[in-house]
Protein chains: 2
Amino acid sequence: MALMTISIQPIGVIRTPYQEPRDMPIQGKFDPTVQGRAEVFPEYAQGLKDIEGFSHLILMYYFHKVADEKLIARPFLEDDYHGIFAIRAPVRPNRIGFSIVKLEAVEEGRVIVFSEVDMLDNTPLLDIKPYVSYFDSRDGVRNGWVEKHFDSGQIPQRARLE
Amino acid sequence: MALMTISIQPIGVIRTPYQEPRDMPIQGKFDPTVQGRAEVFPEYAQGLKDIEGFSHLILMYYFHKVADEKLIARPFLEDDYHGIFAIRAPVRPNRIGFSIVKLEAVEEGRVIVFSEVDMLDNTPLLDIKPYVSYFDSRDGVRNGWVEKHFDSGQIPQRARLE
C-alpha cells in the first residue's frame, strides 16, 4: 500500500487577505475580524444544499505554497522541535490542511463567506464538512506540548507569526 | 485550477474490526469499547515524536471502499437528502475521511492504538494531527439538520447502521 497513489482535484478555491504566511494568525480563531471566501466551483455547488444550518464548517485544503515535507519541525508557538504528527505545521506529508471556520453567509449559491481565517489566498479547497458539536467537541482533552502556552487563560503572543 | 491534480500517498494503514460499513457506528464516539490501530509506515515513524502528550488525535484517511461520488446524499441519521458538504457521508468528492479518536498507546514506535473507531479495516491513512481543545472545540455551535437527532440528550438509535 505504501506505493498506492491517490489523485485528488480541488472542488474550489479559498480567497483570503493573507498573501504570505507571516501575515497570518496560527489559528483563525485568534483573529475573528477577518473574513475569507470559499468559492466552490459551479459543478460542485449542489453539494452545499442545507449547509446554512451549520454555524461552523470544517475546511480541508492543500498547502499549495509548501515545497518540502518534514518529519520533525518547529511549531510557531515555541522553539522546540516535535514530530510533524504532533504539530499542525504545513510542512507535512501530503500537505493536507484542516481548519474550523465560522460560516457567515452563502452567496450566489456557491460562495461561502467565513470568519476565523488561517489560510493563504488562492489555497485549493479539497472538501467541506459540517462541524457537529456532538461529534467534534471533546471534554477532558490533554493538549500535549501545546498546553503550557494556554494555561494562563491568555492567547499566547506567538499565536501570530512575527 | 479546476484541472489541477494533487497526488497523495498513504503514510500508513488503519486496522479495525470493521470489515463492512454496516458493522460500524456512524461516529466512533458512540462505541468507545472498540480499539483500532493506525500503523504508520516505518519511513514516517519519526513524525510521531511527542504525540503521546495528546489524549485525542485527528486522523485523515481515504474512503477506499467508496466507488462513486455524489453531490446530494442521505445521511445515516435520517431519510432526508442533503448536500454532500452538509453531511459526513463517504460518497463525497475526493473521499477524504476525518475522525477524532482517543489515543490509547503508541506501540513499537510507529503503531497508534486508539479508541472511538469509525473506519473500515485496511483504510489508507493520509495524515495525523493533534487534537487541540484550544483550536478545535467550539461553543455556541448550531448543528443544522443534525440538531434534532440529539436534542433529547440521548444518542440516536440510527447512530449505528442497521
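Me: Which residue of chain B meets the side chain of Arg88(A) in a salt bridge?

Reply: The model is a predicted one. A salt bridge requires a side-chain nitrogen of Lys or Arg within 4 Å of a carboxyl oxygen of Asp or Glu. The N to O distance here is 2.9 Å, and the partner of Arg88(A) is Asp136(B).

Me: How many salt bridges are there between chain B and chain A?

Reply: The pair Arg88(A) and Asp136(B) is a salt bridge between the chains. The count between chain B and chain A is six.

Me: Which element gives the largest share of the side of chain B that touches chain A?

Reply: Several elements of chain B give two or more residues to this side, among them β4 (56–62), β7 (96–107) and α1 (133–136). The largest share is six residues, and the element that supplies them is β9(B).

Me: What area do chain B and chain A bury between them?

Reply: The contact takes 76 residues from chain B and 76 residues from chain A. Phe85(B), Tyr134(B) and Arg138(B) supply 12% of the area that chain B buries against chain A, more than any other three residues. Of the area buried between the two chains, 61% lies on carbon and sulfur atoms, and the value is about 7,600 Å².

Me: Which residue of β1(B) stands opposite Ile8(A)?

Reply: Strand β1 of chain A covers residues 6–8 and pairs with β1(B) over three bridges, in the antiparallel sense. Opposite Ile8(A) stands Ile6(B).

How values were computed. Residues numbered from 1 in each chain as written. Chains lettered and ligands numbered in written order. Predicted model: local features only at pLDDT ≥ 70, side-chain atom pairs only at ≥ 80, totals over all residues. Heavy atoms only, no water. Contact = heavy atoms within 4.5 Å. Buried area = accessible area lost by both parts, 1.4 Å probe. Helix = DSSP H or I, 4+ residues; strand = E, 2+ residues; numbered from the N terminus. Pairing = 2+ DSSP bridges.
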